[in-house]
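Dear colleague,

Please find the structure below.

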Amino acid sequence: MIRIQARVEQSTLMKIASPILAIILTLIFSSVLFSTLGKDPIQAMHVLLIAPLSDLYNIGEMFVKMGPLLLCAVGLSLCYRANLWNIGAEGQLLMGALGGGAAALALIDSTSIFALPIAILCGVVSGMVWAAFPTYLKLKFNSNLILTTIMFNYIALYLLLWAVHGPLRDPDGYGFPESALFSDAVTLPVLFEDGRIHLGIVLAIISAFAAWILLNKSHIGFQIRVFGEDEPAARYAGFNGKKLSWTVMLIAGGLAGLAGVAEVTGPIGQLIPSISPGYGYSAIIVAYLGRLHPLGALLSATFMAVLYMGGDLAQIEIGVPTAVVGMFQGVLLFFLLACDFFIRYRLTFISNQPIQE
Amino acid sequence: MKLKSLLIGLGLVAGLSTAQAEDPFKVGFVYVGPVGDHGWSYEHNRGREELEKHFGGKVKTTYVENVSEGADSERVITQLAKSGNDLIFTTSFGYMNPTIKVAKRFKKTTFEHATGYKRSKNVGTYTLRTYEGRYVSGIAAGMMTKTNKLGYIASFPIPEVIRDINSVYMAAKTVNPDVEMKIVWVNTWYDPGKETDAANALMDQGVDVLLQHTDSPAPLIAAEKRGVRGIGQASDMSHFGPNAHIFSVRDDWAPYYISTTEAVMNGTYKPQDFWGGFKDDMLSIASINDNLPADVKTKIQTTYDDIRSGKFHPFTGPIMSNEGKLVIEAGHTLTDAELAQVNWYVEGIKDSIPN
């Protein structure tokens, strides 16, 4: 008989072995999957996991995809560490794009070197404002943060749609729902001539390190960790929960807002109805894969970006439909989470023989 | 030694070029939805399949489905160009600026963007004369309605949709002077839930013929449930409403995909703004329901024939807008460039364009 038993302490061995085990299980499962579809599994793995990093252009694009995921995930990691269940990164990202984009459109004739910083600042502040509403509702009325942040995601999406269909629509765009293209003065500079790596990605990587320092080397970080692990103890120690909630939520909102404004002033270059393919939601997975550690998020955001890119490449190179790619990604995440189970629990084998007196 | 390596080099080049001559011509497609949406992307994918069948082994196609119109599309289009596709069709409006950007870097690749308005040396655009299908729909709807109320489920207030609303109304008016048109904006191209809600709201207001400018069969299914009529959009939707279905206006992209591929292969391609309609067999009236009265069936056929032969164009003046302005002068027929900018409702539509 097999029995599940909680471990007294988290297993250090499993913490390291779990991701490796998950990857091995995924490789076995997907080899079978691709073989039954008549595709060479080794070629499929190569396209899905290695091709996205095979040349400079693809590496650059991997960073473009990683940037917004990382910014959102770093903020979410801080929130989840402090037991604040913020699901609102998507809405905060969209508001950042909208606020920053509106500023960029207002400054479309400007050639000032301050135009871009102003637009970015507007984006960051918009994201913070969007995080502030649910935070206030939680602290004032004890409303459920998960529900309010999800609702605010929808409100943000509809505000964006309204803006690109109405006041911010390109007057020369034949009525199509998108804004004018931003001018060069409000476009993020590209780091290398031929690709799309922009300044926003550098900021994203810096933010991961900054959050790590904040979490591990500062008093606020200490408070966050204590609040997350033992709230009564934190209160007993006299930590100010309200102030901490505000700090963490505003940082997360600002980072998500930065992700949004960097996306529209970077690779997209205008306001459109579909700015984010769900970065704010994927970032939840990224944050957990990274074990709620800002530097872990750096790794997991890279990993997820590779997976997404590999999905598109697999359609181009080996002709598998998106559904199969989605299945591969789902299975991988499933095994990762399933293996994590063994960090906290273990299986014990008990013999079925009756105990003899 | 030098001569030898030179010869080897030449041999390699020659080998490469013959290899290239034998290689199939590669065509890439980018879809905004899944190929199983039974609407827009579904029909583009059918066109792709026809293209591959037409050329046998000489053309190899690749597609990427479900590509977001955000930052991802530029990467996907680039990767298609990088992996050696000679011709790339980007099939949604949101791919316009990404297509232009990628085309600048891949000057030897030809790009074709559906429904956009930006072109360049290696980017052409193509779209459908959907207003032709709408005109025939308007005739049928005007004859079939008993309550004299038509319902239009509209997606986005862009010129194509506004043009088509006008087309339906003008047609219906010629066969039924008392007809009224109710318009609901759903702000989506594909959302079965929202489309059903809109259909029910329209039917609650007494509408008994539904027209849709969205891609799911949901409105037709809703019409079938409540015993009223509907017209299929983009693909043949007859099996979704055996009794409700009047006919479907079917998109068929294959003729354009075949002729464009041929032109690029022969080196005769020139980027243009192509509009395909009845005449080009890119739009057709599919599966006319047997349960329609004979006079309606005849009228559908004659209207189709007149538009196809060029005898009649729905946007021929004089036409007044519903704000009392003369928008098309007597004797003038709108050019394609003018059709692309329609931003008024014709006289008689009791509504205003949202903004």
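The contact between the two chains draws 26 residues from chain A and 30 residues from chain B, where two residues are in contact if their C-beta atoms, placed from the backbone, lie within 7 Å. This is a predicted model, in which local features need pLDDT of at least 70 and side-chain atom pairs count only at pLDDT 80 or more, while totals for chains, interfaces and linings use all residues. Residues are numbered from 1 along each chain as its sequence is written, and chains are lettered from A and ligands numbered from 1 in the order in which they are written.

On the side of chain B that touches chain A, the elements giving two or more residues are β2 (59–64) and α3 (72–82) of chain B; helices (H or I, at least four residues) and strands (E, at least two) are DSSP runs, numbered from the N terminus. The most comes from α3(B), with six residues.

Chain B also holds an open sheet of six strands with parallel pairing, in the order β2-β1-β3-β4-β5-β11; two strands pair if DSSP finds at least two bridges between them. At the edges stand β2 and β11 (273–276) of chain B, each with a single partner strand, so one side of each lacks a neighbour in the sheet.

Within the sheet, β3 (residues 87–90) and β4 (residues 110–114) of chain B run parallel and are joined by four bridges. In this pair, B:Leu87 stands opposite B:Thr110 of β4(B).

Yours sincerely
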